[in-house]
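Here is a colleague's note to read alongside the model. Take the points one at a time, and keep the 3D view open as you go.

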Amino acid sequence: MSTIDLLEDSLAHSAPGSSAVGIDAVDVSAWFGSNKVLERVNLSMPPRTVTALIGPSGCGKSTFLRILNRMHESIPSAKMAGEVRLNGEDIYAPTVRITHMRKRIGMVFQKPNPFPAMSIAENVTAGLKLTGTKASRAEKAEIVERCLQRGGLWNEVKDRLDQPGQALSGGQQQRLCIARSLAVNPDVLLMDEPCSALDPTSTRRVEETIAELAPDVTIVIVTHNMQQAARVSQQCAFFLAEQGTPGGIVESGTTKQVFDNPHDPRTSDYVSGRFG
Amino acid sequence: MTTADLDSPRQLGQVYSPADKAFRRTAAGIGGTVLVLTASIGAFLGYQAIPTLHRYGLSFFTESQWLPQQDVVGLSAVLVGTVEVALVALVVGFPLALMTALYISEYAPARLKGWFVALIDLMAAVPSIIYGLWGFFFLQPQTIHVSRWLAQHLGWIPIFHVDTDPNSASWAQTRFTASAFIAGLAVSMTVIPLACAVMRGVFAAAPLGEREAALALGATKWGMIRTVVIPFGQGGIIGGTMLALGRALGETVAVLLIISPAFDIKLNILQVGTETTSALIAGLFGEASKAQLSALLTAGFVLFVLTLAVNTVAAVFVNRSRSGAATEI
């Protein structure tokens, strides 16, 4: 079976939560131009687990996250080395179609980015249209309801699905974006500081959503908020870029171990709030 | 302070520094001058048009012939010709401008982008007489074959009909020259850079967040452009096209060099002879008597109103486009 066949095969699954797909980074390095920003990062993000990436600004954790669904290479001058394996398959293999990979590995961004020209319902099904997935009107309605429910937004918007997505509050927009990424049934959901632009109440709703999704989808979340990492994640990786050197993982393990009993003094300093 | 004072809004005032005051007045003065100039051009043309409009009344807009010696002047054929040439320019120019703008903004390699932008700007800088010469000496001898082909295959559509047998072995080449079609092609060269620059500007401003959202969902590049870039640039696409239309309606020299004047209302754009408002004015201005001059200035007034209207609509669309109003929280 070729890589593409394998991909098509796993794309064919439609029932949510049937996936048990982990994602592994192997010796991942990254550059912007000639500036190396990540040095040989190895991290295994097991299925049905929330992995939090923590660390001070500029340590490469967002870059690392964007490497996991090949968004990194959309920036001119961005380069990478190493492998990212989804279910054992290298997503950077030359035989892989990048659009298939990105469909399987969804992403939620720091700033909510619903499509402004679309209604709430159209925003949710945008991914189907963009990936050429056929769905009948009834199927679409079902997907809209299911995804908005999983995104924790259904009760707030069920009576106004045809209104523009931009009319929602920031927190609602972010949950709409989560629902939108779920509509294409991703195996992995990457979240790049999803709550940094939200108020505490919205943040709590998004965290609840993460907890509800965790049994079905492998989640990797970048966060600056240490309490949030402690609340939502089971596994944690601490990134650090020391002066003039590229970023890398100082320590990773279960969230409990990293927070309560860090092996490295730098981790200890960071999680206890002594810097960063 | 009484209760009434607290209940009504306060008058807010502030003191400006002398430098600030001076700058405000200078800026307001210069800005005002531009408005006054535009208005005065309109007022001048309108004033000059009064005798003609008074004399010919509505027939000035319904009469097709322009025979001042016989006291017959009218704009209907000229206006039809003006619109035909402008529409040909748009039909040819719009897709070229749109695709060029999309290519430069979305697909061109970063190191070539600057070159393409400069080339398009250079295209805008070429004087339109050059396009006229190019159209007359280079384009026309080639284009008549295209015109003939269109007349052969699409001749049953009135606009592509030509009053000659296009299938004849010794086909009448001169029937296909100096037409609205060829003039429109030359004019399209003058409007493409304008439309392209406006469109490229709005495409480039499509928010990165929305682009990445589409790509992260598994969209192809074209899918992303369709869902994000084009809806975002809609106002610019329409506005740029309208600006191009305004320019095309007024284009003079390129048209004057190519067409041979003909004052009948006809829709067959491939056939020899047409006339546009600006070419009429430029062509007859030199040898006009006082009364004829007034008639020409009236034609100018009509053109002024027409282009002002088109450009105003264009400005409304460009301003309405979402550029600069990206998703804020």
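**Notes on the two chains**

1. Helices (H or I, at least four residues) and strands (E, at least two) are DSSP runs, numbered from the N terminus, and two strands pair if DSSP finds at least two bridges between them. In strand 5 of chain A, Glu89(A) is the bridge partner of Leu86(A). Two residues lie between the strands of this hairpin, and Asn87(A) takes a positive phi near 55 degrees.

2. A word on what you are looking at. This is a predicted model, where local features need pLDDT of at least 70, side-chain atom pairs count only at pLDDT 80 or more, and totals for chains, interfaces and linings use all residues. Residues are numbered from 1 along each chain as its sequence is written, while chains are lettered from A and ligands numbered from 1 in the order in which they are written.

3. Strand 4 (residues 78–86) of chain A has another partner: strand 1 (residues 23–32) of chain A pairs with it in the antiparallel sense over eight bridges. To find the pairing on screen, look for Ala30(A), which stands opposite Met80(A) in strand 4 of chain A. Strands of a sheet pair through backbone hydrogen bonds, either parallel or antiparallel.

4. Next comes an open sheet of chain A, with six strands in the order 6-7-8-3-9-10 and mixed pairing. Strand 6 and strand 10 (248–254) of chain A are the edge strands, each pairing on one side only. From one strand to the next, the twist averages 15 degrees. Strand 9 (residues 235–240) of chain A runs antiparallel to strand 10 of chain A, and six bridges join them. In this pair, Phe238(A) stands opposite Glu251(A) in strand 10 of chain A. Helix 7 of chain A packs on the sheet, touching strand 6 and strand 7 (188–192) of chain A, and its direction makes about 170 degrees with that of strand 6 of chain A. For such angles, axes are lines fitted to C-alpha atoms, for helices over the stretch in contact, and angles run from 0 to 180 degrees between N-to-C directions.

5. What is the overall make-up of chain A? It has eleven helices and ten strands.

6. Chain B has twelve helices and two strands. Here the radius of gyration is 25 Å, well over the 20 Å that the globule rule gives for 329 residues, so chain B is more spread out than a compact globule. Its C-alpha atoms fill a box of roughly 90 × 60 × 35 Å along the principal axes.

7. Within chain B, helix 4 (residues 76–107) and helix 7 (residues 180–204) pack at an angle of about 35 degrees, with their axes 5 Å apart. By class, their contact has 23 nonpolar, six polar and three charged residues. Ala, Val, Leu, Ile, Met, Phe, Trp, Tyr, Cys and Pro count as nonpolar, Asp, Glu, Lys and Arg as charged, and the others, Gly among them, as polar.

8. Is Ala183(B) buried or exposed? Ala183(B), in helix 7 of chain B, is buried, with 33 other C-beta atoms within 10 Å. A residue is buried if 20 or more other C-beta atoms lie within 10 Å of its own, exposed if 12 or fewer, and partly exposed in between, with C-beta atoms placed from the backbone. Although 75 residues apart in sequence, Ala183(B) and Ile258(B) are 5.9 Å apart in space, C-alpha to C-alpha.

9. Finally, where do the chains meet? 26 residues of chain A are in contact with 18 residues of chain B; contact means that C-beta atoms, placed from the backbone, lie within 7 Å. Helix 3 of chain A gives the largest share of chain A's side, four residues. That side divides into twelve nonpolar, eleven polar and three charged residues.

Notes. Two residues are in contact if their C-beta atoms, placed from the backbone, lie within 7 Å. The radius of gyration is taken over C-alpha atoms; the globule rule is 2.2 Å times the number of residues to the power 0.38.
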